[in-house]
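Colleague: Please bring up the model so that we can go through it together. I should like to start at the charged side chains.

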Amino acid sequence: MSIKALPEKTVTAIGSSQVLTDPASVVKELVDNSLDARATAIFVEIAVNTLDVIQVRDNGHGIAPEDRQLVARRYCTSKIRDFADLKGVGSKWLGFRGEALASAADMSGGLSVVTRVEGEDVAVGLKIGQDGRIAG
């Protein structure tokens with residue numbers, strides 16, 4: 001399923017206002033994303049001060065080119081389309097509200113995402129601004 005913005009009614013109903021509050025919550029959300037991407041290997045790198053670098057690398061399925069512009073936009077997700085879809089979340093996904101990367105970008109002032117899907121010869125690097133929009 002591609003990444004789409006959740007309708008405002010759904011956002012309100014599920015309370016998608018969670019904001020990452022510390023480095024541990026960032027790592028947890030990034031690992032959740034890796035697992036949701038069906039990764040079988042996940043590598044975490046954290047700077048000694050837990051602020052300068054938090055990097056999670058995996059061998060998951062990557063982010064499709066058509067989804068990349070929404071990857072860090074608040075309330076954009078590939079997991080659900082409306083509130084009724086929450087019935088199916090259960091054991092399917094760890095994250096589904098479209099908050100993790102948006103919150104990480106906001107909290108850090110921006111972030112980098114490197115992704116590659118099957119069939120692409122090289123990975124694509126995305127520079128994400130604090131507002132969750134692609135800046136380069």
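Colleague: Is Asp131 buried or exposed?

Modeller: Asp131 counts as exposed because its relative accessibility is 51%; exposed means over 50% relative accessible area, buried under 20%, and partly exposed in between, with a 1.4 Å probe and protein chains only. Please note that this is a predicted model, in which local features need pLDDT of at least 70 and side-chain atom pairs count only at pLDDT 80 or more, while totals for chains, interfaces and linings use all residues. Residues are numbered from 1 along each chain as its sequence is written, and side-chain values use heavy atoms, with hydrogens and water left out.

Colleague: Which side chain does Asp131 meet in a salt bridge?

Modeller: The partner is Arg133, at 3.6 Å from N to O. A salt bridge here is a side-chain nitrogen of Lys or Arg within 4 Å of a carboxyl oxygen of Asp or Glu. Arg133 counts as partly exposed because its relative accessibility is 44%. Elsewhere, salt bridges with shared partners join Lys28, Glu29 and Asp32 into one network.

Colleague: Where do Lys28 and Asp32 lie?

Modeller: Both are in helix α2 (residues 23-36), four residues apart, which is about one turn of the helix. Helices (H or I, at least four residues) and strands (E, at least two) are DSSP runs, numbered from the N terminus. An α-helix has 3.6 residues a turn, so residues three or four places apart point the same way.

Colleague: Changing topic: what is the overall layout?

Modeller: From the N terminus, the elements run β-α-α-β-β-β-α-β-β, that is, three helices and six strands. The chain has 136 residues, of which 37% count as buried. Its accessible surface is about 8,100 Å², with 54% belonging to carbon and sulfur atoms; areas come from the Shrake-Rupley method with a 1.4 Å probe, and for residues only the protein chains shown count as cover.

Colleague: Which residues have the most contacts inside the largest nonpolar core?

Modeller: They are Val71, Ala72, Leu101, Leu111, Val113, Leu126 and Ile128, in a core of 13 residues. α2, α3 (100-108), β5 and β6 each supply at least two core residues, and α3 gives the most, with three. A nonpolar core is a set of buried Ala, Val, Leu, Ile, Met, Phe, Trp, Tyr and Cys residues joined through side-chain atoms within 4.5 Å.

Colleague: What does Val71 touch?

Modeller: Apart from neighbours within four places in sequence, Val71 is in contact (heavy atoms within 4.5 Å) with Ile3, Ile63, Leu101, Leu126 and Ile128.

Colleague: What covers the buried residues of α3?

Modeller: The cover includes α2, β5 and β6. The buried residues in α3 are Ala100, Leu101, Ala102, Ser103, Ala104 and Ala105. After α3 comes Gly109, with a positive phi near 90 degrees.

Colleague: In what sense do β5 and β6 pair?

Modeller: Strand β5 (residues 110-115) and strand β6 (residues 124-129) pair in the antiparallel sense over six bridges, where pairing requires that DSSP finds at least two bridges. Gly110 stands opposite Gly129 in β6. The covered face of β5 has Leu111, Val113 and Thr115, and its uncovered face has Gly110, Ser112 and Val114.

Colleague: Finally, which element has the lowest mean pLDDT?

Modeller: That is α1, at 69, whereas strand β2 (residues 42-46) has the highest, 97; pLDDT is the predictor's confidence in each residue, from 0 to 100. The chain mean is 84, and 85% of residues reach 70 or more. Where pLDDT is low, the predicted coordinates should not be read in detail.
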